[in-house]
Amino acid sequence: MIFTKPKPKEEVLKSLGQYDKLMILGCGTCSADCHTGGEKEVAAMRKRLESVGMIVVEGVVVDSLCNLEKVRRALKRMEDDVKEADALLVMSCGIAVQVVSGLVDKPVVPALDTAFAGVLERIGRYYEMCSMCGECVAGIYGGICPVTRCPKEMLNGPCGGAVDGCCEVDAEAECVWVAIYRRMKSLGTEGSLHSIAKPKDHSKWLRPRKVDAGVAILDGKW
Amino acid sequence: MGFKEKLESGERIITVEISPPKGADADDILNLAESIRGKVDAVNVTDNQRAVMRLSSLAACSLLRSKGHEPVMQVCCRDRNRIALQSDLLGAWAMGVRNVCVMTGDHPVLGDHPAAKAVFDLDSVQLLELIRQLGEGKDFMGNRLKGGTGFIAGAVFNPYAEPRELQVMKLHKKIEAGAAFIQTQPVFSMEMAETVMKYESEAGVRFMVGITPLRSLGMARFMGEKLLNRPIPEEIMKRLEGSSDAVEEGIDMAAEFVDRIRGFVKGIHIMPIGGEGELRSFLKRVNF
């Protein structure tokens, strides 16, 4: 899931300051699940903006703001509201902000900061798990990704900075290499850690990335 | 005898770590090196250590070379990608630097430029392999070089980091990747010195045991809590507390410690950590 955090109130109000009429878009997928852009949050934002004198022409949750066709159809259905609004406030991730921007001729303002791709342990507790590096090596490390979960992306073992098994950067976090070693020992695979891991191929992170597989994915030819 | 020859000879070896200034005025580091000329086998120059921006290790090493000193250029993985690392290593060689010591490097968030982008394109093991490749006359991609290098490359070992098995696993990888010497974090007890020497005999490369004269009770506590995660031995704390001149007491204790370990330790790496002013007098006191 992509986790988002609400931007500071003041920052959002400042970005919206020059506009009178707004349309609010929430997202029914990730932002709804982490309670930053679902029905409740859109309603609360509407109330907040109206209380400072702004006009909200519509506040609605779209199924999936990263699915271009769904967003296009949703905006078409609401084209009168879009027309009336001076700007659109998007309560979803950076993908959503850009998808909506590409479809409307109005300024688009993000209400959230996109935090990371990770796991929902429980409501309010989320952890980054994946950097989307383009060459998954988590399987080599007992199913734990050192690229994401080590601040230094170490592939050959921990740095010398771990204090009491805790990360040099975050004293409350266990050094991920401790977790990797423990897991691999339990699987009996820790011997492979003795092999020298080669450096990452960062050309696989060359941005902006794309997949242009067409129907090859659906036909299983990918 | 140069550093490389000293290492290969098996004779006792003393190295010292000094830091470049936070500025372009290199007088202090050059004066410090001058004050200890002939007293040590090589001078390690730190690379923006603790992620605090300073004059580059490369430049400081080059200046030291020009004055006839023997520097060990410390290279960390935090600030440079593989292109810059190779470029700097070739440049260092061209300017007469012959020894390097590699390490991961503290994360930027711990230093004085916390918003800086952390690079960590390579880790210390991969960097050692890169240095070996430069020594074979090729760059990291296998392209032939017009002038290769022949560095003696070392790495660091922190015997305090837990779990130790992981640090030892990494130590062996560093040696497999080409580390020809190892320098350790400061050691204060016989027990730790013996432990480190056990790893030296397993590893088959020369170790230099870290030595730091403590200057105050506060410094000792800080080292114990923040750097070593192990309290400094009680007898050291007592002597610092009971002394009227903690700096002198610290120098005495460090010199005594070196005396006690010199029977089974053949290499020491002195890290003054702010005590550069006392370095000359400490070296006079040390019998190694």
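What follows is a short chat about a predicted model with chains A and B.

Reader: What makes A:Lys198 and B:Glu129 a salt bridge?

Author: Their side chains come to 3.0 Å, N to O. The cut-off is 4 Å between a Lys or Arg side-chain nitrogen and a carboxyl oxygen of Asp or Glu, so the pair qualifies. The rule finds 2 salt bridges across the interface of chain A and chain B. On the chain A side, the residues touching chain B are 15 nonpolar, 7 polar and 6 charged.

Reader: How many salt bridges does the whole structure have, and what makes A:Arg46 and A:Glu50 one of that kind?

Author: A search over all chains gives 32. For A:Arg46 and A:Glu50, the closest N and O atoms are 3.2 Å apart; the limit is 4 Å, so this pair counts too. Both residues sit in helix H3 (residues 39-51) of chain A, 4 residues apart, or about one turn of the helix.

Reader: Back to the interface: how much area is buried between chain A and chain B?

Author: About 2400 Å², with carbon and sulfur atoms giving 56% of it. Of the area that chain A buries against chain B, A:Asn156, A:Ile196 and A:Pro199 supply 23%, more than any other three residues. The contact takes in 28 residues from chain A and 29 residues from chain B. There are also 17 residue pairs in polar contact between the chains, both partners at pLDDT 80 or more.

Reader: Why are strands E1 and E7 of chain A said to stand at the edges?

Author: The open sheet has the order E1-E6-E7 in chain A, with antiparallel pairing. Strand E1 (2-6) and strand E7 (125-130) each have a single partner strand, so one side of each has no neighbour in the sheet. On average, neighbouring strands there are turned by 70° against each other, direction ignored.

Reader: How do you know that E6 and E7 of chain A pair?

Author: Pairing needs at least two bridges, and 5 join strand E6 (residues 112-122) to E7(A), so they pass. One bridge partner set is A:Val119 with A:Tyr127 in E7(A).

Reader: And what makes E7 and E8 of chain B a pair?

Author: Strand E7 (residues 206-211) and strand E8 (residues 267-270) share 3 bridges and run parallel; at least two are required, so they count as paired. B:Gly210 has B:His269 in E8(B) as its bridge partner. Both strands belong to a closed barrel of 8 strands, E1-E2-E3-E4-E5-E6-E7-E8, with parallel pairing. The twist from one strand to the next averages 30°.

Note on methods:
Residues numbered from 1 in each chain as written. Chains lettered and ligands numbered in written order. Heavy atoms only, no water. Contact = heavy atoms within 4.5 Å. Buried area = accessible area lost by both parts, 1.4 Å probe. Polar contact = N/O pair within 3.5 Å; in protein donor to acceptor, adjacent residues only side chain to side chain. Nonpolar A, V, L, I, M, F, W, Y, C, P; charged D, E, K, R; others polar. Axes fitted to C-alpha atoms, helices over the stretch in contact; angles between N-to-C directions.
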